[in-house]
Amino acid sequence: MNLLALDSRWQRLNDPNYACKCCGRSFGGLVDMGFGQPDCWPHGALTDGDTLTVGDDVLTADLCVFDDLRFVHCVVPLPIRGSDEVFLFGVWASLSLEDFKAYVLDATGEKTGFAGAAAWLMNDLPLFENDEPLECSLKPAESDAERPRLMATSGPLAQAQAEGISFDQLLEIYAACGEDLRPHLMG
């Protein structure tokens with residue numbers, strides 16, 4: 001049973017016909033949040049085009065190469081307690097050169113069989129901030145339409161991935177990302 005169905009804020013978030021009284025805004029469900037590049041990327045965001053190249057450094061929507069580092073764009077799934085919904089953070093993971101090459105070969109169809117790899121979360125997530133990259137495990141995407149999944153191996157993020165986050169924590173994440181939905185869901 002979806003216990004959040006009893007929360008009027010949850011109902012408003014998921015009702016495409018609801019309109020905020022102060023501004024007319026509606027939502028129609030969860031909105032995933034993402035990062036356009038790893039936090040250490042110094043060259044700005046992708047703007048017009050599919051690739052940003054500065055010297056040997058390259059950023060695309062899916063991959064990034066910066067100095068001797070290799071990154072893959074992936075998702076951190078966070079189940080929402082009391083519902084069957086999952087919020088996704090679009091993040092970047094750092095891989096070893098060997099694992100990065102195996103991932104790219106699999107993603108391009110040149111050589112299948114990427115089974116996952118050790119990786120490090122390279123974005124600072126609201127509510128889960130770290131001073132250092134967080135050790136994780138990169139799992140292959142479950143379909144061609146999805147990104148690979150990044151699962152923390154320990155700490156508060158791993159606990160949240162295993163146990164889920166509350167709706168109030170989700171609203172805090174939105175607010176920290178610049179999308180404070182709380183006043184719009186009050187009715």
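## A partly exposed aspartate

Asp 124 is partly exposed, with a relative accessible area of 36%. Here, buried means under 20% relative accessible area, exposed means over 50%, and partly exposed is in between, using a 1.4 Å probe and protein chains only. Asp 124 sits in the loop that runs between β7 and β8 (134–139). Strands such as these are DSSP runs of E with at least two residues, helices are runs of H or I with at least four residues, and both are numbered from the N terminus.

Before going further, please keep in mind that this is a predicted model: local features need pLDDT of at least 70, side-chain atom pairs count only at pLDDT 80 or more, and totals for chains, interfaces and linings use all residues. Residues are numbered from 1 along each chain as its sequence is written, and side-chain values use heavy atoms, with hydrogens and water left out.

## Salt bridges

How many salt bridges does a search of the whole structure find? The search finds 6, a salt bridge being a side-chain nitrogen of Lys or Arg within 4 Å of a carboxyl oxygen of Asp or Glu.

Asp 168 counts as partly exposed, at 42% relative accessibility. Elsewhere, Arg 182 and Asp 180 meet through their side chains in a salt bridge (2.8 Å, N to O); Arg 182 is partly exposed at 35% relative accessibility, and Asp 180 is partly exposed at 31%.

## Aromatic rings

The structure holds 6 aromatic pairs. Rings of Phe, Tyr and Trp (its six-membered ring) pair if their centres lie within 6.5 Å; planes under 30 degrees apart count as stacked, over 60 as edge-to-face and the rest as tilted. One of the pairs is formed by Trp 41 and Phe 66, edge-to-face at 6.1 Å centre to centre with 70° between the planes. Trp 41 lies in the loop between β1 (33–34) and β2 (51–54), while Phe 66 belongs to strand β4 (residues 63–66), so this pair links distant parts of the chain, 25 residues apart. Trp 41 is buried, with a relative accessible area of 6%, and Phe 66 is buried too, at 13%.

Why is the pair of Tyr 103 and Phe 114 edge-to-face? The ring centres are 5.4 Å apart and the planes stand at 85°, so the pair is edge-to-face. Tyr 103 is in helix α2 (residues 97–107) and Phe 114 is in the loop between α2 and β7 (117–121), 11 residues apart. Both are buried: Tyr 103 at 14% relative accessibility and Phe 114 at a relative accessible area of 11%. Finally, Phe 35, Phe 87, Phe 89 and Tyr 174 form one aromatic cluster.
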